[in-house]
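This briefing goes through one protein chain by topic. The sequence and structure come first, followed by the notes.

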Amino acid sequence: MALVLAGMRLPDPYRGFTVARVGLDIAVSGVRWARDTATFAVELAARIEQLLDEVSALLARVDAIVDAAQVVVTEAAVTTESAAGVVESASKTSATALELVELFDPIAQRSAPFARKFVDHLDEDEVDAAIAMVDELPGLVEHMQAIIPILATLDTVSPEIHELLGVTKDVRRAVIGIPGFKFFRNRGEDKLAEEEGRD
């Protein structure tokens, strides 16, 4: 069978074998393609089902990861709020401490030389005495609590004491003015001296 190209007849040494071979190859290829396509179509359903199972498992893992991430985010939010509270509290404490330092720093600077001098001249005996005095303070407080009401009444007694002193001076003047009082006084002093000598 001769080949005709562009209106020219070409010789065919194989007498049509080439065309038949090409046709046969095309037919075989078509059959193979049809078979492979049918096999793929049959296997495709199983593969799709397997793929869907894997996708479902993957989605379940993603859901678990999302839930875990949500828990972590919630805990992080709580931790952040707690940290914010701590930071705010620390900030207030720091501001208060800074105010105290600013307030007491000049006093400390001025009193440091006096404190140094006091410590330099402080002996161990003086420290022991100070400790002993502090140990006695509870008893002293009890005694003072008993004395304070008496001291409070001195304001009312004071004018009477002054008046009593005035009366005593008047009596003394009057007694000194008695004739012979000096004699009796000297005699009384001698008698007291004798009694003291016997004792």
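**Surface charge and fold**

A patch of negative charge on the surface brings together E189, D190, E194, E195, E196 and D199. The model is predicted. Its chain contains three helices and two strands, and 1% of its 199 residues count as buried.

Negative patch

Salt bridge
- The chain has one salt bridge by the rule applied here, a nitrogen-oxygen cut-off of 4 Å.
- The partners are K92 and E88, whose closest N and O atoms are 3.7 Å apart.
- Side chains of opposite charge can pair when their charged atoms come close.
- K92 and E88 are separated by about one helical turn, because they stand four residues apart in helix α1 (residues 17-120).
- K92 counts as exposed because its relative accessibility is 54%.
- E88 is partly exposed, at a relative accessible area of 47%.

Overall architecture
- Read from the N terminus, the order of elements is β-β-α-α-α.
- The accessible surface of the chain amounts to about 17,900 Å².
- Carbon and sulfur atoms account for 66% of that surface.

Key:
Residues numbered from 1 in each chain as written. Predicted model: local features only at pLDDT ≥ 70, side-chain atom pairs only at ≥ 80, totals over all residues. Heavy atoms only, no water. Patch = residues over 30% accessible without salt bridge, like charges linked within 9 Å, V, L, I, M, F, W, Y side chains within 5 Å. Areas by Shrake-Rupley, 256 points an atom, 1.4 Å probe, with all protein chains shown as cover. Salt bridge = Lys/Arg side-chain N within 4 Å of Asp/Glu carboxyl O. Lys, Arg positive; Asp, Glu negative; His and termini not counted. Charge placed at Lys NZ, Arg CZ, Asp CG, Glu CD. Buried < 20%, exposed > 50% of the residue type's maximum accessible area, 1.4 Å probe, protein only.
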